[in-house]
Amino acid sequence: MTTNPPRHTGLCLAAGVLTGILALYIALVALGNITDFGTNQQFVRHVLAMDTTFKDDDLMWRAVTSTGLQDTAYVLIIVWETVAALVLVWGTCLWARRRDDDFARRISTYGLLMLVLLFGAGFIAIGGEWFAMWQSKTWNGLDAATRVFLLSGIALIVNQLPARREATT
């Protein structure tokens with residue numbers, strides 16, 4: 001007796017596609033940061049140093065001027081991006097296999113939450129507010145971070161929507 005894999009609902013398909021898009025995106029970001037290390041290294045250094053902000057004395061005590069600490073932060077970002085990419089690729093593969101939607105949802109949720117944390121807490125809150133990235137005309141990544149944060153949030157919501165269970169006869 002052969003068993004057919006369960007039919008994917010539109011919701012499962014949407015969750016898998018959104019997870020896959022974000023897996024591709026963050027994998028390309030991580031690859032770019034690894035293969036072109038210096039470009040975004042400068043970005044992180046300038047944001048942490050706060051050298052293109054308004055230089056308000058009440059805020060400048062927050063600046064991190066040690067290149068060692070700046071580079072450590074950048075490497076940690078790349079590691080986080082790489083792990084998130086791997087988790088999201090795994091989630092995408094699980095959605096594509098169509099065997100256990102609950103497991104695919106759980107793994108995808110972990111990866112999507114990693115993106116929400118990186119782009120929401122890391123880039124928008126810490127970079128944007130704590131290090132006043134919003135003040136910089138040159139080194140301001142808030143628009144890009146907001147786009148990824150929102151797309152990740154939408155994908156997370158779609159992943160969490162309850163699946164309709166088909167009646168068994």
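Analyst: A pocket is an open set of points on a 1 Å grid over the protein atoms alone, where a 1.4 Å probe fits, with protein on both sides within 12 Å along at least five of seven lines; lining residues have an atom within 4 Å of a point. The model is predicted, so local features need pLDDT of at least 70 and side-chain atom pairs 80 or more, while totals for chains, interfaces and linings use all residues. Residues are numbered from 1 along each chain, and side-chain values use heavy atoms, without hydrogens or water.

User: How much space lies in the largest pocket?
Analyst: Volume is the space filled by probe spheres set on the grid points, which are joined across faces, edges and corners. For the largest pocket, this space is about 640 Å³.

User: Which element gives the largest share of the lining of the largest pocket?
Analyst: The lining has 28 residues, with Phe43, Val44, Ile77, Leu118 and Phe123 nearest the centre of the pocket. Two or more lining residues come from each of α1 (10–35), α2 (37–49), α3 (67–97), α4 (101–130) and α5 (142–160); these helices are DSSP runs (H or I, at least four residues), numbered from the N terminus. The largest share, eight residues, belongs to α4.

User: How are α1 and α3 oriented to each other?
Analyst: The axes of α1 and α3 lie 8 Å apart, at an angle of about 150 degrees. Axes are lines fitted to C-alpha atoms over the stretch in contact, and angles run from 0 to 180 degrees between N-to-C directions. Angles over 145 degrees count as roughly antiparallel, under 35 as roughly parallel, 65 to 115 as roughly perpendicular and the rest as oblique. The two helices α1 and α3 are therefore roughly antiparallel.

User: What does the angle make α2 relative to α3?
Analyst: The axes of α2 and α3 are 9 Å apart, and the helices pack at about 120 degrees. That angle makes α2, relative to α3, oblique.

User: How many nonpolar residues has the contact of α3 with α4?
Analyst: α3 and α4 pack at about 155 degrees, with axes 8 Å apart. This makes α3 roughly antiparallel to α4. Their contact has three polar and three charged residues, and its nonpolar residues number 19.

User: Which residue just after α3 takes a positive phi?
Analyst: The phi in question is about 60 degrees. The residue that takes this positive value, just after α3, is Arg98.

Methods. Nonpolar A, V, L, I, M, F, W, Y, C, P; charged D, E, K, R; others polar.
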